Amino acid sequence: MEIVGTRMVSDGRTARQIFEDVMANPARKKFGFGRKLALVNVDLQQAYTRTDRFATAYESDPKQLDYVNQLARLARAKGMPVVWSRVAYMDNAHDAGVWGTRTDTPDSLQNIKYGSERHAYDDRCDIRPADLQFTKRMPSAFFETPLGSYLTFHGVDTVVVTGGSTSGCVRATAVDALSHGYRTIVPVETCADKHESYHFANLTDLQLKYADVEPVQAVIEWLEAQPDA
């Protein structure tokens, strides 16, 4: 039988090497920026950012939060929405659904309780009163949250997704953003995961299918070029 398609490739490259090869392709068409973006920061809470306190936390780029804060300041200056989402559950975790049934340890997802230290945003995040904040229950920041209607009200056509994990809630939010019709951008340095394999494999998949994966500087330069609010 003649094979017209592709059998699964196994060529010895690491996930990072594949990502770098994909990013180096100058012919890759982009969705691009639209007229107005929203910065959607996913799960930048202590459970996932404070590597000095919680075993569930992780770090990829040590300047991640600095970059997120820089994007947030620029977005506000241009009159564009800044959004912060995080995850937590009831004391009995009955709102975690089937997602909360695989394990039950102090570090388990469903044991991030409302108002707990694990639920708290990292205090390095520059969150302002006019930013939208909400707690979600599932991976995507769009699922059963006010995000969709908020973006519609603000006339947004582009969503920039930051946070963690790259392979989990960032990916889920980016896929949902595209599914809702938004141009979707994921700045590399603003995302984090526990292992570089997960991190770069999912950035590759997002770049090939669902989003423009860009250096954070590309988003900074686009924002700087927009008129002030």
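Predicted model: local features only at pLDDT ≥ 70, side-chain atom pairs only at ≥ 80, totals over all residues.

Trainee: Is β4 mostly covered or open, and how many of its residues are buried?
Mentor: Helices (H or I, at least four residues) and strands (E, at least two) are DSSP runs, numbered from the N terminus. Buried means under 20% relative accessible area, exposed over 50%, and partly exposed in between, with a 1.4 Å probe and protein chains only. One side of β4 has Thr158, Val160, Thr162 and Gly164, the other has Val159, Val161 and Gly163, and all are buried. So β4 is mostly covered, and the buried count is 7 of its 7 residues.

Trainee: Which strand pairs with β4 over 6 bridges?
Mentor: Two strands pair if DSSP finds at least two bridges between them. With β6 (residues 191–192), β4 pairs in the parallel sense over 2 bridges, and there Gly164 has Ala192 as its bridge partner. With β5 (residues 183–187) the sense is parallel too, over 3 bridges. Asn41 stands opposite Thr162 of β4, and the strand that pairs with β4 over 6 bridges is β1.

Trainee: What is the hand of the β-α-β crossover from β4 to β5?
Mentor: Thr158 has Arg183 as its bridge partner in β5. The chain gets from β4 to β5 through α5. The test is to point the strands away from the viewer: if the path from the first strand over the helix to the second runs clockwise, the crossover is right-handed. This β-α-β crossover is right-handed.

Trainee: Which elements do the buried residues of α5 pack against?
Mentor: The buried residues in α5 are Thr166, Cys169, Val170, Thr173, Ala174 and Ala177. Just after this helix, Gly181 takes a positive phi of about 95°. For contact, read heavy atoms within 4.5 Å. The packing partners of α5 are β1, β3, β4, β5, β6 and α6.

Trainee: Is Leu132 buried or exposed?
Mentor: Leu132 sits in strand β3 (residues 132–136). Not counting residues up to four places away in sequence, Leu132 touches Val82, Val83, Trp84 and Tyr150. Pro81 is 51 residues away in sequence, yet 7.8 Å away in space, C-alpha to C-alpha. Its relative accessibility is 16%, so Leu132 counts as buried.

Trainee: Within what arc do the buried residues of α7 fall?
Mentor: Those in α7 (residues 216–224) are Val216, Val219, Ile220, Trp222 and Leu223. The arc is that of the directions from the helix axis to the C-beta atoms. The residues line one face of the helix, because seen down the axis of α7 they fall within an arc of 165°.

Trainee: And which elements do the buried residues of α1 pack against?
Mentor: In α1 the buried residues are Ala15, Phe19 and Val22. They fall within an arc of 65° seen down the axis of α1, so they line one face of the helix. The elements packed against are α6 and β7.

Trainee: How many disulfides does the count come to?
Mentor: A disulfide is a pair of cysteine sulfur atoms within 2.5 Å. For Cys125, the nearest cysteine sulfur, that of Cys191, is 13 Å away. For Cys169, the nearest cysteine sulfur, again that of Cys191, is 12 Å away. The number of disulfides is 0.

Terms used. Residues numbered from 1 in each chain as written. Heavy atoms only, no water.
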